[in-house]
Amino acid sequence: MSPTRSTAGRTANRSALTWAALATAGAALIARQATRPAPTDTETLDATRTLLRAALPSVRPFDVQLWNGEVIAATRPSRARLILNSPETLGRLLKLPLDMALGEAYLRGDFEIEGNIGDIAAIAETFDATLNPADAPALLRAAATLRRRAGATPPIAVTASLEGPQHSRERDQQAISYHYDVSNDFYRLWLDSRMVYSCAYFPTGTETLDRAQEAKLDLICRKLRLQQGEHLLDIGSGWGGLAIHAAQRYGARVLGVTLSEAQLHEARARAEAAGVADRVTFELRDYRDVLAHAPEGSFDKIASVGMAEHVGRRNMPTYFRAAYTALKPGGLMMNHAISDGIPQARVPLWLQSGNFARKYVFPDGELLPIWETVKHATEAQFEVRDIENLREHYARTLTHWAANLETHHEEARAALGEQRHRLWRLYLGATSHYFEKGHLGLYQTLLAKPDEQRRAHVPLSRADLYEG
């Protein structure tokens with residue numbers, strides 16, 4: 001780390017801590033003033049101006065519009081607009097953890113985002129406001145005014161209600177159903193024609209979403225060195241894109257497993273339509289049941305695409321040990337999963353729960369750093385043969401998905417209802433930014449189970465992945 005960057009980081013952290021101390025003092029003041037009458041519109045407007053002008057990042061490519069039409073202009077060419085819909089909005093945002101307060105306020109409709117959602121999501125890393133102690137009393141009064149005006153917070157209607165121990169079979173089924181059984185018609189609105197719901201691959205950067213998803217499926221099969229007649233296990237098979245591709249292009253026999261009934265029915269229909277139902281089987285089964293009950297060495301290759309995020313840290317050793325046992329000696333496994341990345345350094349982690357997505361998007365989902373995934377895999381006796389980070393590709397994928405959702409926003413809103421539609425819009429727009437900036441990674445990890453002579457059945461170079 002360069003001295004300049006280090007100094008900037010320390011300054012940002014001191015600033016955030018000073019603001020946090022102000023928030024703590026403000027909470028005490030708010031509690032003392034709770035019985036006072038609600039502030040007038042003029043008092044609320046003055047308090048909003050005071051707090052926003054003190055707290056907004058100095059470098060920001062977005063405008064802020066107040067409920068009365070007043071605009072606080074961007075300080076860089078504007079790519080987005082944050083619109084506060086009512087006098088209650090800012091007061092509802094003055095709660096910890098910040099990510100939950102912001103996300104829930106958007107779901108409720110307290111504010112709108114026009115343009116690039118990623119520019120708004122970047123506030124946590126661009127926050128640089130410094131607090132002059134002389135300004136603290138005025139800011140405390142403004143915060144207390146806004147909290148009194150906020151009133152009772154309306155409930156969120158889309159919260160997942162899961163029962164049972166975390167990552168038990170029963171609870172995992174509920175978590176998968178919450179996210180994936182929303183509606184096949186909804187996913188058709190914004191996914192590609194194969195309905196592949198994972199990172200696409202853009203080798204030149206000019207591919208359409210359909211072509212990039214086909215390229216990703218082919219890249220996985222090439223990395224697995226998939227051959228005619230081999231038996232492939234597709235864990236978390238989704239709507240069948242990879243399994244059908246592997247059977248059509250490579251002549252593989254495929255068992256695909258999912259916990260989503262909606263995905264199961266769609267995948268079976270697609271396999272029939274593609275003419276590969278004799279080579280592709282889809283089942284509604286937990287990965288633990290498949291791996292635990294399959295005879296040792298049942299599969300030549302295993303692909304787990306976008307599924308490891310649902311396994312959970314506690315179950316990762318079991319996941320990799322069972323996969324190792326299910327593979328034939330000389331077999332390969334592709335683990336394609338989102339990973340934790342570089343933190344958003346400007347706001348201390350204790351001010352952000354990191355739980356918004358786990359509560360509203362992927363219940364019980366857990367993202368591991370890549371080193372931890374590799375640790376669990378190697379402790380299960382796998383040999384790591386290749387690791388590739390495709391985070392820029394996922395940023396592009398999400399940009400395509402978000403654009404498609406915007407194109408079909410009326411149909412999506414009709415299918416999901418207002419709050420859930422807003423949830424998906426926020427999730428796709430913000431997550432694209434997180435991949436672009438490295439806060440999230442997408443790693444394809446190729447794992448080998450060496451044969452009796454300790455040979456891993458991969459070429460001496462990676463050239464075959466890019467030939468033809």
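I count two strands as paired if DSSP finds at least two bridges between them. Helices (H or I, at least four residues) and strands (E, at least two) are DSSP runs, numbered from the N terminus.

This is a predicted model, in which local features need pLDDT of at least 70, side-chain atom pairs count only at pLDDT 80 or more, and totals for chains, interfaces and linings use all residues. Residues are numbered from 1 along each chain as its sequence is written, and side-chain values use heavy atoms, with hydrogens and water left out.

Sheet. I looked up the strand order and found an open sheet of seven strands, β7-β6-β5-β8-β9-β11-β10, with mixed pairing. β7 (280-284) and β10 (383-389) are the edge strands; each has a single partner, so one side of each lacks a neighbour in the sheet.

Pairing. I traced β5 (residues 231-235) to β8 (residues 299-305), a parallel pair with four bridges. Ile235 has Ser304 of β8 as its bridge partner. β8 and β9 are also parallel, over six bridges, and Lys301 is partnered by Leu332 in β9. β9 and β11 are antiparallel over nine bridges, and I found Met334 opposite Leu446 in β11.

Cover. Eleven of the 14 residues of β9 are buried. Helix α14 (residues 316-326) lies across β8, β9 (327-340) and β11 (440-448), while helix α17 (residues 391-407) lies across β9, β10 and β11.

Key:
Contact means heavy atoms within 4.5 Å. Axes are lines fitted to C-alpha atoms, for helices over the stretch in contact, and angles run from 0 to 180 degrees between N-to-C directions. Buried means under 20% relative accessible area, exposed over 50%, partly exposed in between (1.4 Å probe, protein chains only).
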